[in-house]
Amino acid sequence: MYQFQETSSGGTMGESSRHCIFCEIVHGAGEASICYEDASAIAFMDIQPVNAGHVLIVSRDHYESLNDVPPAVAMHLFEVALHLGPIVRQLSESDDLNIVVNSGEAAGQDVFHYHVHLIPRRTGDGFDVPLPFHGSAMPDRTLLDAMAARIIAELRDPVRRTRASRRVATA
Ligand code: 5GP
Ligand code: ZN
């Protein structure tokens, strides 16, 4: 029987990863229709696809979300999505795609092993990423400018930035 083990290259195998279905798939203990593999990523067909050709691109190491996935791994998964995109478009006979990351419970993440969705889209398929959000009013320009200024201030202050990312990591 498959035993969960410490990962060799930085992934964390904490409480949440012990029963991680994507770790099982990565380690060959769970059934999946794999369509791409390399040293740090694996891609397989979503078990409940929006449309035929819906692919999940998954890190081999267990990271829960954008809060703990190393930037290089996140970038690599996005590169794999871009690499697979034209093939999925061709096979699904649709030019349209969503590349989606749900990071965290409030953002709709269900499987807490970081992954990227590559979703071929068809007109009238009923799926939606509803932006702009109908429940939201357009804020005054001063509010948009104030938030942009706060982001710029954070970017300019590496000490504050480090503190902020530590706060996120320990929250
Ligand atoms: P999330 O909401 O976490 O972004 O998306 C999780 C995705 O994983 C869903 O689209 C769901 O259909 C898919 N999924 C959940 N369990 C399995 C599984 O055991 N195998 C495969 N291939 N996909 C799964
Ligand atoms: Zn996992």
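The model is predicted: local features need pLDDT of at least 70, side-chain atom pairs count only at pLDDT 80 or more, and totals for chains, interfaces and linings use all residues. Residues are numbered from 1 along each chain as its sequence is written, chains are lettered from A and ligands numbered from 1 in the order in which they are written, and side-chain values use heavy atoms, with hydrogens and water left out.

**Ligand 1**

Ligand 1 sits in the largest pocket. A pocket here is an open set of points on a 1 Å grid over the protein atoms alone, where a 1.4 Å probe fits, with protein on both sides within 12 Å along at least five of seven lines. To sit in a pocket, a molecule needs more than half of its atoms within 2 Å of the grid points.

There are 16 residues around ligand 1. A residue is near if one of its heavy atoms lies within 4 Å. Asp46, Asp110, Val111, His115 and His117 come nearest. The shell divides into eight nonpolar, six polar and two charged residues. Ala, Val, Leu, Ile, Met, Phe, Trp, Tyr, Cys and Pro count as nonpolar, Asp, Glu, Lys and Arg as charged, and the others, Gly among them, as polar.

α1 (21-26), β2 (41-45) and β5 (115-121) each supply at least two shell residues. α1 gives the most, with three. Helices (H or I, at least four residues) and strands (E, at least two) are DSSP runs, numbered from the N terminus.

Polar contacts pair N or O atoms within 3.5 Å.

| Residue | Part | Distance |
|---|---|---|
| Gly108 | backbone N or O | 3.0 Å |
| His115 | side chain | 2.9 Å |
| His117 | side chain | 2.8 Å |

The protein covers 83% of the 520 Å² of accessible area (Shrake-Rupley method, 1.4 Å probe) that ligand 1 has on its own.

**Arg60**

Arg60 lies in the loop between β3 (55-59) and α2 (71-91). Its side chain reaches the backbone oxygen of Asp38 at 2.7 Å. A polar atom of that side chain lies 3.4 Å from the backbone oxygen of Ala39. Leaving out residues up to four places away in sequence, Arg60 touches Val26, Glu37, Asp38, Ala39, Ser40, Ala41 and His113. Contact means heavy atoms within 4.5 Å.

**Backbone features**

Most residues other than glycine have a negative phi, and most peptide bonds are trans. Glu93, not a glycine, has a positive phi of about 55°. Glu93 is in the loop between α2 and β4 (96-100). A cis peptide bond joins Leu131 and Pro132, with omega about -5°. Pro132 lies in the loop between β5 and α3 (141-156).

Note on methods
A polar contact is a pair of N or O atoms within 3.5 Å; within protein, one must be able to donate a hydrogen and the other to accept it, and residues adjacent in sequence count only if both atoms are side-chain atoms. On a 1 Å grid over the protein atoms alone, a cavity is a set of points where a 1.4 Å probe fits but cannot get out, and a pocket is an open set with protein on both sides within 12 Å along at least five of seven lines; lining residues have an atom within 4 Å of a point.
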